[in-house]
Amino acid sequence: MNVLFVCLGNICRSPTAEGVFRKLVLESGLSGELGVDSAGTNGFHIGQAPDPRSIAHAAQRSIDLTTLRGRQVVPADFERFDYVIAMDNDNLRQLKALCPQQFSGKISLLLAYGDNTQYREVPDPYHGEAADFEVVLDLIVSGCRGLMSHIAAHRQTPANTNLMQQQ
Ligand code: 4NP
């Protein structure tokens, strides 16, 4: 199972989501089963490390973003990834425009999986302040926890596979 997180620049929100989700994957013991990556809908920051503010705020929660590098979404991502997770509605629209129709069911908003009723989108913190980066982290942690529960509940275990073969 492969998960791709997507934002605009791939230097603030989606690398943060990648780092948070990687940690959850490690903690849940599913490292061998789950691949995680992130990308941007634009190509402004290809090859760049995440924004220093995102790196610093994530580090305060023991999440290391320093090795991540920006890349742009490519059409092949929709085949390769099982979940393509957008941070906001603008990302969602861009992804749907780029996605071959047969894969459009793979695209969703991160906060569709969270338990926060106040926010439906993870707001772009790029022009914001420290508090905005904290809100982004809180929202991403909530969404990633919900996504992990969703994937854990729907993944193919040997028991599930047997059940499906019996039906
Ligand atoms: P992100 O934030 O989409 O969360 O990575 C942004 C980063 C850079 C820009 C916009 C948003 N930018 O315009 O360069």
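These are my notebook entries on a predicted model of one protein, from the overall fold down to single residues.

**Conventions**

I number residues from 1 along each chain as its sequence is written. The model is predicted, so I keep local features at pLDDT of at least 70 and side-chain atom pairs at pLDDT 80 or more, with totals for chains, interfaces and linings using all residues, and side-chain values using heavy atoms, with hydrogens and water left out.

**Entry 1: overall**

I looked up the secondary structure and found six helices and four strands. Helices (H or I, at least four residues) and strands (E, at least two) are DSSP runs, numbered from the N terminus. Along the sequence I read the pattern β-α-β-α-α-β-α-β-α-α.

I then checked the radius of gyration, taken over C-alpha atoms, against the globule rule of 2.2 Å times the number of residues to the power 0.38. For 167 residues a compact globule would have a value near 15 Å, and the protein has 16 Å, which agrees. Along the principal axes, the C-alpha atoms fill a box of roughly 55 × 35 × 30 Å.

Of the 167 residues, 46% count as buried. Here buried means under 20% relative accessible area, exposed over 50%, and partly exposed in between (1.4 Å probe, protein chains only). I also looked at contacts, meaning heavy atoms within 4.5 Å. Among contacts with a separation of 6 or more, residues 24 or more positions apart account for 71%.

**Entry 2: the sheet**

In what order do the four strands of the open sheet stand? I read β2-β1-β3-β4, with parallel pairing. The edges are β2 and β4, each with a single partner strand, so one side of each is left without a neighbour in the sheet. Direction ignored, neighbouring strands are turned by 25° against each other on average.

Strands count as paired if DSSP finds at least two bridges between them. Between β1 and β2, which run parallel, I find six bridges. Cys-7 has Gly-40 in β2 as its bridge partner, and Phe-5 stands opposite Ser-38 in β2. Helix α4 packs on the sheet and touches β1, β3 (83–86) and β4, and its direction makes about 175° with that of β4. Axes for such angles are lines fitted to C-alpha atoms, for helices over the stretch in contact, and angles run from 0 to 180 degrees between N-to-C directions. β1 is mostly covered, with five of its six residues buried.

**Entry 3: helix α1**

I checked the length of α1 (residues 13–28) first. The expected span of a helix is 1.5 Å times one less than its number of residues. For the 16 residues of α1 this should give 22 Å, and the end C-alpha atoms are 22 Å apart, which agrees.

The buried residues of α1 include Ala-17, Val-20, Phe-21, Leu-24 and Val-25. What covers the buried residues of α1? The cover includes β1 (2–7), β2 (35–40), α2 (52–59), α4 (89–98) and α5 (130–154).

Arg-22 is also in α1, and at 39% relative accessibility Arg-22 counts as partly exposed. Its C-alpha atom is separated by 8.5 Å from that of Gly-35, 13 residues apart along the chain. After α1 comes Gly-29, with a positive phi near 75°.

I find Leu-8 in the loop between β1 and α1. Leu-8 counts as partly exposed, at 33% relative accessibility. Leaving aside neighbours within four places in sequence, Leu-8 is in contact with Arg-13, Gly-40, Thr-41, Asn-42, Asn-91 and Asp-124.

Gly-43 lies in the loop between β2 and α2 and counts as partly exposed at 30% relative accessibility. The C-alpha atoms of Leu-8 and Ile-55, 47 residues apart along the chain, are separated by 17 Å.

**Entry 4: Ser-108**

Ser-108 is in strand β4 (residues 107–109). Is Ser-108 buried or exposed? At 15% relative accessibility, Ser-108 counts as buried.

Not counting residues up to four places away in sequence, Ser-108 touches Val-84, Ile-85, Ala-86, Leu-92 and Tyr-113. The side chains of Ser-108 and Tyr-113 are joined by a polar contact of 2.9 Å. A polar contact is a pair of N or O atoms within 3.5 Å; within protein, one must be able to donate a hydrogen and the other to accept it, and residues adjacent in sequence count only if both atoms are side-chain atoms.
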